[in-house]
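Please open the model in your viewer and keep the selection panel at hand. The tour below goes from one selection to the next and says what is there.

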Amino acid sequence: MVRYLARRALLLAVTLLIASVIIFALTRLLPGDVARLILGREASEMALANFRQEFGLDQPAPQQYVNWLVGFLAGDWGRSFTGTKAPVQPLVVGRLGNSMRLALMTLVISVPLSVGLGIIAALRENTWVDAAVSLLSLAVVGLPEFVTGLVLINGLALGVRALGLPATSTVPDGTLADWVRQLILPALTATLVLVGYISRLTRAGVLEELRKPYVRTAVLKGLPTRTVIFKHVLRNALLPTITVTALSFGWLIGGLVVIENVYNYPGMGALLVEAVKQRNLFVIQAIVMVTVFFFALANLAADLLYALLNPRIRLE
Amino acid sequence: MPNPVIEARGVSMDYRLEKGWLNAVRDVSLSINPLGIHGLVGESGSGKSTLALALMGYLAPNARLSGGAVWLEGEDLFRKSQAELRALWGSQLSLVPQDSLAALNPAYTIGDQIAEVTRQHFGLSRRAAWQQAVEMLARVRIADPTSVARQYPHQLSGGMQQRVTIAMALSARPRLLVLDEPTTALDVTTEAVILDLFRELIQETQAAALYVSHNLGVIAQICDQVTVLYAGEVMASAPVRELYARPVHPYTIGLLASIPRPTTGVETRLPTIPGVAPALGDRPPGCVFAPRCPAALPHCFTDKPPLEMIAPGHQVRCHRWHEIVNGDVAILTQPEAAAPHVAHQLAAESVLSARGLRKTYGGAGWWRRLTRGSARRVRAVDDVTVRVRPQSTLGLVGESGSGKTTLARCIVGLETADDGQLELLAIPLDRRLARRSRAQLRELQMVFQNPNDTLNPYRTVGQTLERALERLSPQPLPPDQRRQRVLELLEVVRLTPDYADRYPAELSGGEKQRVAVARAFAADPALVVADEPTSALDVSVQAVVLNLLKDLRAQKGASYLFISHDLSAVAYLADWIAVMYLGQIVEEGTAEQVYQRPSHPYTEALISSIPVPDPAQAGGRIRLTGDAPRAADIPTGCRFHTRCPRKLGPVCETDAPPWQEAGGGHRIRCHIPAAELLALQVSAPKSD
């Protein structure tokens with residue numbers, strides 16, 4: 001197990017290294033001269049040269065890459081090109097915290113909801129319940145987040161004022177009530193995206209397991225249906241759901257661009273869009289690296305959990 | 001007369017398919033007394049599993065009971081609520097399922113899954129139930145039950161898994177045990193041991209048992225009463241000795257005759273039952289067997305014969321049973337002589353020779369180490385030398401995991417052997433498929449085990465065969481000639497021309513396998529490697545394919561490397577036999593030498609374990625204890641020493657045994673002198 005972990009950690013490092021090369025190359029391939037874009041058309045050659053020198057953009061690309069990578073590992077993620085030219089790290093880490101709050105809230109709502117719906121649909125296969133769950137989840141998946149987001153804002157925040165839900169979300173402070181109040185609408189919007197995928201997958205997983213001979217064995221042992229489903233079927237049926245949930249976590253951390261904009265929530269997605277617009281290279285690089293890291297980490301966690309729950313893999 | 005434990009009276013069952021409710025089982029009655037082992041025989045689709053589960057009061061979600069009743073010690077099972085049935089399942093009515101690995105939950109330990117039964121039915125505490133589970137494992141003769149209880153299903157061998165399901169089924173002392181093909185997935189050596197275990201345990205628990213199987217050999221070994229099911233109806237039901245000694249129903253007669261036996265020999269053809277069993281919803285109105293019956297009269301097609309008692313305990317459903325009993329109608333013609341088969345005995349010549357072939361899996365490259373960790377090395381084929389003589393068949397036998405399939409794949413080129421020399425028709429054959437000439441590809445063809453997986457479902461039979469012709473012909477054939485050749489090939493495998501336009505899904509298993517054979521013979525190969533070509537087929541269909549292979553050998557002058565775990569099928573086709581154990585050949589000789597005087601202790605045990613379809617020969621002499629070691633940890637010295645009933649002593653554990661010549665090409669790899677081994681076989685009472 002220790003060897004397995006060490007091997008996976010090594011693979012994680014390799015993944016991140018490859019990702020860093022790709023990110024760096026992509027940001028340098030963006031069209032337009034960064035210094036010109038930041039300083040404006042009126043800027044003198046002198047000012048441009050100074051800018052390039054200040055951020056090391058005058059050096060050859062491989063050198064820039066090495067400098068950035070070494071600095072990144074040491075905790076110096078570069079400085080922002082705009083405003084006070086503040087260091088990137090505190091900015092991104094702060095936004096990361098916000099994104100994680102929202103991601104956590106979303107998972108708390110969406111995973112039990114969609115797994116539950118999936119199980120119900122599978123157990124009522126080919127009945128109106130199954131059809132209703134399938135239709136509804138597919139319908140909401142098809143809607144873009146800005147539509148569902150606006151519907152939720154108009155319906156719940158502005159429509160039913162008694163609920164006291166804000167139309168734009170801020171970062172919640174410590175209390176649970178504040179968490180729910182501030183994050184419920186964006187989390188619900190993200191949930192509507194996830195629920196279709198996770199519930200369909202759960203349904204398929206449960207149906208597949210239900211057809212396996214060991215389920216009949218369990219029934220013919222005289223076990224109550226409850227035990228057959230919860231102990232025998234779900235233990236195996238939910239394995240694929242773990243992987244998808246982990247991938248969703250990665251998406252929730254770095255990919256909630258639209259939802260964060262709709263609710264004006266200060267997460268990483270919103271920051272990324274802003275940074276791309278401004279060609280704020282170090283901010284882009286830092287956000288993408290952090291997102292890749294969390295994607296890979298969530299995947300690793302999923303694999304470990306999968307192995308833990310699946311003796312066929314654990315004991316190989 | 002004791003009261004029966006279970007009694008089915010006029011049971012009829014339907015399945016719901018798209019077309020509506022279709023009848024699957026019709027008017028079946030049977031009863032089993034305590035200690036009775038009732039055999040239920042039938043081919044796939046006969047409804048035997050459906051009926052077996054109905055005896056437990058269990059219906060599949062799309063099945064219904066449309067008539068009759070099932071009584072468990074006087075109580076009507078189908079009048080019980082789900083809760084009442086749940087109280088009976090696992091305690092009074094237990095199932096030993098077919099595929100034990102699939103029937104066990106992969107996520108829980110063995111101990112946990114067995115303990116569940118007594119926790120549920122007897123309300124035992126977790127600890128007490130676990131303790132009881134360990135005791136049950138000991139009762140099914142599992143060595144070291146304490147540690148096995150903590151293991152997961154996938155960590156056990158097939159035989160061990162099956163013991164676990166038996167322990168589970170017996171842990172609450174059921175009144176009725178339903179055994180649904182419990183040994184079908186096992187090797188004959190393991191099967192023989194498990195059958196012994198069933199006999200003992202049923203004796204011990206005083207239960208009644210229903211034993212479902214398609215294998216008449218196994219049924220003969222263990223049952224005392226047999227019911228033969230065909231297309232959902234009982235054709236015959238009789239005490240086991242009577243059924244095998246004096247079969248009356250034409251189906252029973254045909255079925256028994258179509259089984260190859262170790263003594264059938266290579267000179268004869270197997271009698272076969274023409275046609276295929278009718279599909280659900282497509283059953284003929286009169287006698288369901290009439291379309292395939294050699295003795296059918298016009299009224300057989302219109303009037304359903306009643307099930308008549310012809311002797312105490314012997315029932316038959318046939319209009320003509322009187323005539324058959326009196327010998328006025330002969331159902332079977334005498335076994336036909338096979339087409340003259342001249343096995344060339346020229347020692348120097350060989351179609352294929354393999355020398356020192358090796359294949360090891362799980363080496364450790366850097367990538368593998370990084371991603372998977374270092375895997376253990378498995379020596380699947382270890383220094384194997386075999387030779388296939390012109391126009392003859394080399395039968396390759398051995399338990400699963402012996403490496404016989406790997407050897408076949410290395411020869412055909414689907415796997416690349418690590419080492420060794422191959423020669424095809426005296427020309428060196430590269431180990432890599434890509435380096436073989438087109439002519440060599442043509443001369444060396446393969447037929448696989450499962451015809452369902454080997455034919456492209458999106459191509460018609462004609463397209464499949466045309467493609468084979470296109471790929472393998474020495475010179476390109478114009479389209480009309482190709483079409484002509486396709487029809488010829490179909491004729492060779494006894495299929496009518498209209499099969500050319502059918503898709504694999506429209507064919508039965510036996511027909512698909514015939515197409516696979518036709519494909520292999522598309523370009524007149526010199527050698528056909530057949531890996532378990534009949535194992536996935538029903539008995540009556542198996543005989544057709546075996547006959548076909550035998551005929552083609554004579555017609556086309558091909559040779560075979562025939563691989564099977566079914567030693568009777570091998571005996572039917574092979575002139576020479578090689579016995580493989582853990583990656584090595586341990587005995588080699590002519591079929592007669594190997595079957596009549598099996599000299600290696602492993603071969604002896606293997607042949608003694610064959611379930612012969614004759615109740616008078618129940619229970620062979622030799623049982624192998626323990627499972628074959630895994631190919632990843634091969635024992636030192638003689639590989640068989642861990643299970644050998646004739647082990648000499650330390651020499652077997654330390655030194656690899658030498659090859660010994662026993663005369664006439666018969667070779668044995670054993671420390672015991674060949675003369676001594678042969679003498680043992682002559683003095684031992686022959687079982688057949």
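## A tour by selection

Begin with chain B, in this predicted model, where 10 residues of domain 1 of chain B are in contact with 7 residues of domain 2 of chain B. To see both partners, select residues 352-578 of chain B for domain 1 and residues 597-683 of chain B for domain 2; the centres of these two domains, taken over C-alpha atoms, are separated by 29 Å. On the side of domain 1 of chain B that touches domain 2 of chain B, β14 (378-388) and α21 (567-573) of chain B each supply at least two residues, and the largest share, 3 residues, comes from β14(B). If you colour that side by class, you will find 4 nonpolar, 3 polar and 3 charged residues.

Staying in chain B, select helix α19, residues 509-520. Its 12 residues should span 16 Å at 1.5 Å a residue, and this agrees with the 17 Å between its end C-alpha atoms. Is this helix enclosed or open, judged by how many of its residues are buried? Of the 12 residues of α19(B), 11 are buried, so the helix is largely enclosed by the rest of the structure; among the buried residues are B:Gly510, B:Arg514, B:Val517 and B:Ala520.

Now move to chain A, where the domain assignment gives domain 1 (23-76) and domain 2 (89-314). The centres of these two domains of chain A, taken over C-alpha atoms, are separated by 37 Å, and 10 residues of domain 1 of chain A are in contact with 7 residues of domain 2 of chain A. The elements to select on the domain 1 side are α1 (2-29), α2 (34-39) and α4 (61-74) of chain A, which give two or more residues each; by class, this side has 8 nonpolar, 2 polar and no charged residues.

Finally, show both chains together and look where they meet: 20 residues of chain A are in contact with 25 residues of chain B. On the chain A side, α1, α9 (213-220), α10 (225-237) and α15 (311-314) of chain A each supply at least two residues. Which of the elements of chain A gives the largest share of this side? That share, 4 residues, comes from α9(A), while the side as a whole has 9 nonpolar, 5 polar and 6 charged residues.

Definitions and conventions
Residues are numbered from 1 along each chain as its sequence is written. Chains are lettered from A and ligands numbered from 1 in the order in which they are written. This is a predicted model: local features need pLDDT of at least 70, side-chain atom pairs count only at pLDDT 80 or more; totals for chains, interfaces and linings use all residues. Domain bounds come from an automatic or database domain assignment. Two residues are in contact if their C-beta atoms, placed from the backbone, lie within 7 Å. Ala, Val, Leu, Ile, Met, Phe, Trp, Tyr, Cys and Pro count as nonpolar, Asp, Glu, Lys and Arg as charged, and the others, Gly among them, as polar. The expected span of a helix is 1.5 Å times one less than its number of residues. A residue is buried if 20 or more other C-beta atoms lie within 10 Å of its own, exposed if 12 or fewer, and partly exposed in between; C-beta atoms are placed from the backbone.
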